[in-house]
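Let us take a walk through this structure together, one region at a time. Keep the sequence and the 3D view side by side as you read.

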Amino acid sequence: MRRVMDKIIAIMITIATVLSVGGCKQENPDMRDISTVEVVKEMGYGINLGNTMESCGDWIASSDVSRYETAWGSPIITQEAIQGYADAGFGVLRIPVTWSNIIYDDGNYTIYPDYITRVKEIVDWTLDTGMYAIINMHHDSWVNDFPENEEECMRRFKLTWTQVADAFKDYGDKLMFECQNESLGWESLWNRWASEEGEDKQAAYDLVNKVNQAFVDVVRSSGGNNPERHLLITGYNTDIQLTCDELFKMPNDPVGRMAISVHYYTPSTLCILDKDAEWGKAQTTWGSEEDYAQMDGDMKMIKERFIDNGIPVIVGEYGCFGKNKTREVREQWMLDASSRMYEMGACPVLWDTAGDEFNRYDGSMRNPEFIKKLIEPWVSDKNENAAA
C-alpha cells in the first residue's frame, strides 16, 4: 500500500510540475499551424517606428545605442509609447533597423551586443501588446556595393542575418524577418529611366533574386523557430512595377512561409515632393479620374502577380507628406491607398516618424479621428467575425 501511495504522489508531483511549466511564458514558443496568408490577414493595418533604430550617419560615430536611436528626432522609445500603437488599433509594428551602426572591427561584422539587446527590448514590448513585429535590415548602405564587390557583400549579408536570426531564434510566429528595405536594385547595373548600352537588366534582377535566396537560406538553416518563421521578401527596390516584372523571382522556401514587400508613394510628385524638382513638378491635389486610374492599376498589378497566386503582400511603407498640400489632401490619399490595399488582401503599414501621426512623448495619436477612419475596414471585419 505504501508503494502504491508513493507512486501516486510521484505522479501527482510530475503533473503539477508540467502544469506549472505550461503556465509560464515559454522561452521557445511553438509556431502555429498558420499560413503566411493568414498571418498577413491577422496583421490588419500596421505602422512604422520610423527614423529610430534605423537612424544612421558617420557624424554620430558613437558606441552609445541611444545616440543612434535619437539621432533623427525620436525620443527614447518607452514601453508606454509602444502600448500607444496597440491602443490606437494597429496590428503590426514595423521596426526598421540599421544593424551596421555599431559593429566590431573584427573582420566578421559582429554587431554590438547592446544594439541587439535594445532592439530585442522594443520587440518584446511590441509582442507583449499582442501586435505583430517586423524587423529588417534597413539603411545598411554597404548593400549598395553589391554589384562591385558581390563576394564580400554577400559574406557580410549572411553574417549579419546569421547574427540576427540567432538572436531572435526563440521568438514565436508573431515576429517576422524582412530581408532588406529599398536597396535591392542597382542603377549601376540597370537604370529603368535611362538604360544605356552595357547595362544589364537580367543581371540586376538575378542579383536581387540571389540576395533574397541567401536570406531565406540563412534563416532556414538557423536554430529555434527560424526554420518555420514567416519571412518578408524584398521586392525590386520595393517598387510595385519593378517587383511585378517577370524577371523577379520569389526564393525557394522549403516551408513556403513568405510574403512579398513593396512600398507605395505614388505619385511621388504628390507623396514625396514639397517643391518642384528636376525630375517632376510638385503635385498639391488628389482625386482626379487619372489619379484613381493609376492607383487602381497599381493595386491590380500587385494583386494579380502575387495575391492571386497565393503570395501575400505587405506594403511595408506608404504615406503622403509635404507642407505644400493640405491635411485633407494627404488624408484622402492615405485613406484611398490603404483601403484598396486592405480590400485586395494586403497589409498596409503606414510610414511614421516622430513628427508624423504618433506622439511618442505621450503615446497618443495626433489625429485620432483620421486613424479611426484609416483602420475602420479592419475593425469592421474583426467585429463581424466576433459576432459570427
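Predicted model: local features only at pLDDT ≥ 70, side-chain atom pairs only at ≥ 80, totals over all residues.

A residue is called buried when its relative accessible area is under 20%, exposed when it is over 50%, and partly exposed in between.

While you have Q202 in view, look for D206: the side chains of Q202 and D206 are joined by a polar contact of 2.8 Å. Then look across to R257. Q202 and R257 are 55 residues apart in sequence, and their C-alpha atoms lie 26 Å apart in space.

The largest nonpolar core has 104 residues, and the members that touch the most others are W99, Y115, F157, F168 and W333. Helix α7, spanning residues 201-220, gives the most to this core, with ten residues. As a general background, nonpolar side chains tend to be buried together in soluble globular proteins. Pick out W99 to see what such a place looks like. Leaving aside neighbours within four places in sequence, W99 is in contact with a list of residues that includes I111, Y115, I116, V119, M137, V164 and F168. Apart from this core lies another, of 13 residues, among them I34, Y132, I134 and M176.

Next, find the strands. Strand β2 covers residues 92-95. Which residues of β2 point one way, and which the other? V92 and R94 point one way, L93 and I95 point the other way, and all of them are buried. On one hand, β2 is joined to β1 by three bridges, and these two strands run parallel. N48 has R94 as its bridge partner in β2. On the other hand, four bridges join β2 to strand β3, residues 132-136, and this pair runs parallel too. Here V92 has Y132 as its bridge partner in β3. To get from β2 to β3 the chain passes through α5, and this β-α-β crossover is right-handed.

Helix α4, residues 79-88, can be viewed alongside these strands. Its buried residues are A81, I82, G84, Y85 and A86. They pack against β1, β2, α5, β9 and β10. Just after α4 comes G89, which takes a positive phi of about 110°.

Now turn to T234, in strand β5, residues 231-234. Is T234 buried or exposed? Its relative accessible area is 0%, so T234 is buried. A polar atom of the T234 side chain lies 2.8 Å from the backbone nitrogen of Q180. Setting aside neighbours within four places in sequence, T234 is in contact with C179, Q180, N181, L184, N212, F248, I260 and S261.

Charged side chains give us the last stop. How many salt bridges does a search of the whole structure find? The search finds 20. One of them joins R32 and D173, with the closest N and O atoms 3.0 Å apart. R32 lies in the loop between α1 and α2, and D173 in the loop between α6 and β4, so this pair ties together parts that are 141 residues apart in sequence.

An α-helix has 3.6 residues a turn, so residues three or four places apart point the same way. R155 is partly exposed at 32% relative accessibility, and E152 is partly exposed at 27%.

A further salt bridge links the side chains of K281 and D276, at 3.5 Å from N to O. K281 is exposed, with 62% relative accessibility, while D276 is partly exposed at 49%. Finally, return to R32 and D173: salt bridges that share partners join R32, E42 and D173 into one network.

Key. Residues numbered from 1 in each chain as written. Heavy atoms only, no water. Buried < 20%, exposed > 50% of the residue type's maximum accessible area, 1.4 Å probe, protein only. Polar contact = N/O pair within 3.5 Å; in protein donor to acceptor, adjacent residues only side chain to side chain. Contact = heavy atoms within 4.5 Å. Core = buried A, V, L, I, M, F, W, Y, C linked by side-chain atoms within 4.5 Å. Salt bridge = Lys/Arg side-chain N within 4 Å of Asp/Glu carboxyl O. Pairing = 2+ DSSP bridges. Right-handed = clockwise from strand over helix to strand, strands pointing away.
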